[in-house]
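Subject: Handover of a structural model

Dear colleague,

Please find below the sequence and structure that I am passing on to you. My findings follow it, and I would be grateful if you would read them beside the model.

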Amino acid sequence: MNTALGLAWRQLSHQPAKLLAASAGVVVAVMLMLVQLGIREGAVRNSVAFAGRLTADLVVISPTSDTIFRSTQFPRRLLYRLPADPAVITVSEVYMGQAQWKNPWLGIEHPISVYGLHPDRAKVDLPGLGQIHGLERADRFVFDALSRTNYGPVIASLDEHGPFYTEVNGRRVQIVDAVAVGVSIAVDGNIYGTPANFMRLFPSRHAGAIDLGLVQVVDGADLHAVRARLEPMLGPEARILTKDQLLEHEIAFLRSNAPVDFIFGMGTVVGFFIGFVVVYQILYTEVSHHLPQLATLKATGFTDRYLLRLVVWQALMLSCLGYVPGFLLALGLYRIAESQIQMPFAMTPERALGVGVATVLMCCFSAGVAVRRAWQADPAEVF
Amino acid sequence: MTPNPCRETSRVVRARGVSHSFGIGALERQVLFAVDFYLDPGEVVILTGPSGSGKTTLLTLIAALRTLREGELTVLGCDVRHALAKERIELRRRIGFVFQRHNLLGFLTARQNVELMFQLHPDVSRREARARAETMLARVGLSDHRNHPPDQLSVGQQQRVAVARALVSAPRLILADEPTASLDGLSGRNVVELLLEVARDNDCSVLMVTHDARVLDAAHRIVHIEDGAIQS
């Protein structure tokens, strides 16, 4: 016991019930911070799942679209100008729209996103879509396996009985298979089909008005240079972005327009303060309780820095004792959240580390405030 | 009481014209008036006087716990008035303290409380610290109780642990402030005898504040303070 560390541990572990209460406070704080940040990140990441799956190098959108989920259309003919540039290999169009899905088991309608694209050449990574045959036949669609449960037991039914029929926008369609892409806070489910089948669901839409143009360029081309060359070819009626620009743009739009950041950011801050207050209370009580003893230590030659080390060590121990169970609990809650809101949540190393650092800061900050009480103790008063 | 100039330099405590006041402005109240005082190596001096006479103030000044503004004060070779805060802390580490209340840490055993003092002396190894703590506890008759926390000891035993704590790092000076105040007559007498005995073995000077008439005969010299001035 030659350092403040040993003394700190003895003081902390002297009353196990108190230690448990203090650690529980940190556990709650760690868990809250991890869960809030996880949902925040998950909500944004999942909401741009489709944009994230684009494998096209360049993307053409309408200049009036603020997000591809609420896109306005632009003329398809603009897209066909682009192969004039030698760097452009292929172009393909994507149509998007909101339709009403009839849950065939309950007979209830629920909104669903419909994508119309060429399964063989659209530059989108939809795993398995290319292998599904017969999609070009009329009124056939593929269901998004990550859709919420509002649409009925689609996946179970596909697994057991194979393709089945339902109604979308009042039209009888066949669901032939499923691919796993992802849904967002705004969108509950998706179906994917060819542009021709898309048009069948939206008779009022014109095939010449598209939502997204996907451009593939030759390997090794400077994307920004190609983009700059293509931009004047499109004119003012369309806008061209690199895939990364689109993703950034989508995330920025969500961050500024959906209350996700604010709500969950607030939850994170609340978690931090709960932890701060609990740890501060525990350390402050501990210091106040031992004030005559601490003043005695000061009188006999212990420095204020020693007392700070003593309290900071206790704070660090509380952070560690709280972090591990808090982390595990958060992982459990991620699993529960996944099954409840059907959005995947992953624990990233950055978040684990960031919350770890926040926990240590939170505890040290509490220690710094609590130790002032010990510093104010006048050793001359011991006599 | 003419100080012997030859012994002057070796004195443990030497105070000249020490005055002290509390409060400022109209509320200022002087508690010590030009006090001259000395303590020789190995000497045991008891400081008596009615409460409020300034004896505890003198003790805290010698312990470098209050800032000296008037007079000269040298303790264990350290000029307290002109010492830096860091040097005053260093000085306190060379003094053993026994307080009215033992103020032992409740979450440590008797031995750990005594051993804790060696955290101020990083040159002493952990093993040596432990051995010296055990020896000192044996010296105060608490070998069998060394692994008990303070709340399992009697008040007298607790004060003996405090004595062991004060003496364990072999200080040249012990400052004791009414060490018998919380004890009954017999155990009070025992604690003081023990303190003086161990101090004598270690050639350590003792300055003790007490009202306790039963222990006065243990001193080499009794200094009486009244109204902030030394009477004898």
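A cavity, as the word is used here, is a set of grid points where a 1.4 Å probe fits but cannot get out, and its volume is the space filled by probe spheres set on those points. Please note that the model is predicted.

**Cavities**

By that definition, there are 5 cavities of 30 Å³ or more in the structure. Strand 6 of chain B contributes the most, with 3 residues. In terms of residue class, the lining of the largest cavity comprises 6 nonpolar, 4 polar and 3 charged residues.

H102(B) sits in the loop that runs between strand 6 (95–98) and helix 4 (110–115) of chain B.

**The contact between the chains**

Chain A supplies 26 residues to the contact with chain B, and chain B supplies 25. The area buried between the two chains is about 2600 Å², with carbon and sulfur atoms giving 65% of it. On the side of chain B, F99(B), F107(B) and Q119(B) account for 27% of the area that this chain buries against chain A, more than any other three residues.

**The largest pocket**

The largest pocket holds about 310 Å³ of space. Its lining consists of 19 residues, and those nearest the centre are F69(A), R70(A), S184(A), A186(A) and V187(A). Two elements of chain A, strand 4 (108–116) and helix 8 (243–257), each give two or more residues to this lining. Strand 4 of chain A gives the most, with 4 residues. The lining of the largest pocket divides by class into 10 nonpolar, 7 polar and 2 charged residues.

**Helix packing in chain A**

Helix 2 (residues 16–47) and helix 9 (residues 260–289) of chain A pack with their axes 8 Å apart, at an angle of about 170 degrees. Because angles over 145 degrees count as roughly antiparallel, helix 2 of chain A is roughly antiparallel to helix 9 of chain A. The contact of these two helices involves 18 nonpolar, 7 polar and 4 charged residues.

**Backbone points in chain B**

A34(B), which is not a glycine, has a positive phi of about 40 degrees; A34(B) belongs to strand 2 (residues 29–39) of chain B. D203(B), likewise a residue other than glycine, has a positive phi near 55 degrees. D203(B) is located in the loop between helix 7 (185–201) and strand 8 (205–209) of chain B.

With kind regards

Conventions. Residues are numbered from 1 along each chain as its sequence is written. Chains are lettered from A and ligands numbered from 1 in the order in which they are written. This is a predicted model: local features need pLDDT of at least 70, side-chain atom pairs count only at pLDDT 80 or more; totals for chains, interfaces and linings use all residues. Side-chain values use heavy atoms; hydrogens and water are left out. Axes are lines fitted to C-alpha atoms, for helices over the stretch in contact, and angles run from 0 to 180 degrees between N-to-C directions. Angles under 35 degrees count as roughly parallel, over 145 as roughly antiparallel, 65 to 115 as roughly perpendicular and the rest as oblique. Ala, Val, Leu, Ile, Met, Phe, Trp, Tyr, Cys and Pro count as nonpolar, Asp, Glu, Lys and Arg as charged, and the others, Gly among them, as polar. On a 1 Å grid over the protein atoms alone, a cavity is a set of points where a 1.4 Å probe fits but cannot get out, and a pocket is an open set with protein on both sides within 12 Å along at least five of seven lines; lining residues have an atom within 4 Å of a point. Contact means heavy atoms within 4.5 Å. Buried area is the accessible area (1.4 Å probe) that two parts lose on being put together, summed over both.
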